[in-house]
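Please work through each task before reading its solution.

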Amino acid sequence: MDITQIFLDLAIILLFTKLFGMLMRKLGLPQVVGMVIAGLLIGPAIWSQFGWGAPIDPAPEEADFLDGIAEIGVVLILFSAGLETDVKELRRSGLKATLIAFGGVLVPMGLGFLVAVPFLGGFSALSDSAIRLDAIFVGVILAATSVGITVETLKEMGKLKGRVGTTILSAAIIDDVIGIVVLSIVLGFKDPSADPLKTILMTVLFFVCAIALGILLKLLFRFLSEKYDHTRRIPIFGLVVCFVFAFAAEKWFGIADITGAYVAGIILSSLKDTDYIDRKVDVNSYMIFSPVFFANIGIGASFDGFTLDLLWFALAFVGVGILGKIIGCGGVGKLCGNTWRESSIIGCGMIARGEVALVVCNKGIEGGLFAGTAINPVLPVIMLVIISSLLCPIFLKLLYKGDRSDGLPLQGASFDPPAQSTARPTEV
């Protein structure tokens, strides 16, 4: 491997991801969209169509190196998401937010599965376990929710701490937890010889062990926080926990490493030094690892297999991705006693997708899904992230137009949005 070439590749990646991230921010879109687009523009996907050399066209050894950095990036992203999860709000949110979250996972998963089947050979092809798993995983990608755009819009309108705003945020947090668990179970089936019961039992066993160990770790970190308040050793120890949990999840329990990282973050999410740990982790992630991860998605993309069928799939994928959240979350919200308007706001507030959808998509491809099929989900996911991020604030502002209610928090409750809702989008 030519290490000096890696230096140049990293320089190009960091420069272009930052520039395009800033541009997307100016346009009101998530910065991760700009990072993925930057990867497409500097990678071989577009340049190869004209027979030209791309700014970055890594050799196999260089590609493996970038993949390694990208994997660290995705682990840090999920660890940070876990740190920013408000566990107290999860406990406070109650049955309504939990049911809405389940609706927001199950309905998009079902619609995604149904949309994928015709493009994978029809229902007769589902007898092939690999095809069946591909179709299921399309739904898993659609289960993800990114609530950052929703938070910014609700804050702007003064509705963030209202009854409906609180429900959206609570449901989004629970949605992420459910989505990570489902991701782990589905990826556990990627091995054709996998025993479904064993996969589910190992997933449950991981969470049982994580909870038991988490209680001890929380006591240890509380002691360290008291003794070494705001010292750099605390975030370092936090990273140790993150990487050990990621390793254990993948190697010992056969589930996704990002699940281990996410659980590690949740375990450390209610400490006195949680915000300090998150800031330090975020600096490391934001400076190099996360940009490489998102750019690497674009760099690794290819238009060679692009067909009219893939375009139709992408359009259908985006459509059911948006409708699935509106129907699933809004429908359950209506069943829980909300008005039609409130239910519509809940459904539209959950449609935005971002980094989690990209992470899930990438983990599926890394796991060997969609190999040899007519479906490449990378471009459809990018389209969904862009379109849903644009539509979410438009729908919310239209639904709230002329409304002067829902400006007060729930009686007896106060809610501060999780840091993940506002931290990264402002870092330009």
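Helices (H or I, at least four residues) and strands (E, at least two) are DSSP runs, numbered from the N terminus. The model is predicted: local features need pLDDT of at least 70, side-chain atom pairs count only at pLDDT 80 or more, and totals for chains, interfaces and linings use all residues. Residues are numbered from 1 along each chain as its sequence is written, and side-chain values use heavy atoms, with hydrogens and water left out.

**Exercise 1.** Describe how Glu 366 is placed relative to Lys 363.

*Solution.* 
1. A salt bridge joins Glu 366 and Lys 363, with the closest N and O atoms 3.6 Å apart.
2. The two residues are 3 residues apart in helix α15, hence separated by about one helical turn.
3. Glu 366 is partly exposed, because its relative accessible area is 44%, whereas Lys 363 counts as buried at 7%.
4. Through shared partners, salt bridges join Glu 71, Asp 257, Lys 363 and Glu 366 into one network.

**Exercise 2.** Classify the ring pairs Phe 16 with Phe 20 and Phe 206 with Phe 253.

*Solution.* 
1. Rings of Phe, Tyr and Trp (its six-membered ring) pair if their centres lie within 6.5 Å; planes under 30 degrees apart count as stacked, over 60 as edge-to-face and the rest as tilted.
2. A search of the whole structure finds 10 aromatic pairs. One of them, Phe 16 with Phe 20, is stacked, at 6.5 Å centre to centre and 20° between the planes.
3. Phe 16 and Phe 20 both lie in helix α1 (residues 3-26), 4 residues apart, about one turn of the helix.
4. Phe 16 is partly exposed because its relative accessibility is 30%; Phe 20, at 19%, counts as buried.
5. The rings of Phe 206 and Phe 253 have centres 5.4 Å apart and planes at 70°, so this pair is edge-to-face.

Methods
A salt bridge is a side-chain nitrogen of Lys or Arg within 4 Å of a carboxyl oxygen of Asp or Glu. Buried means under 20% relative accessible area, exposed over 50%, partly exposed in between (1.4 Å probe, protein chains only).
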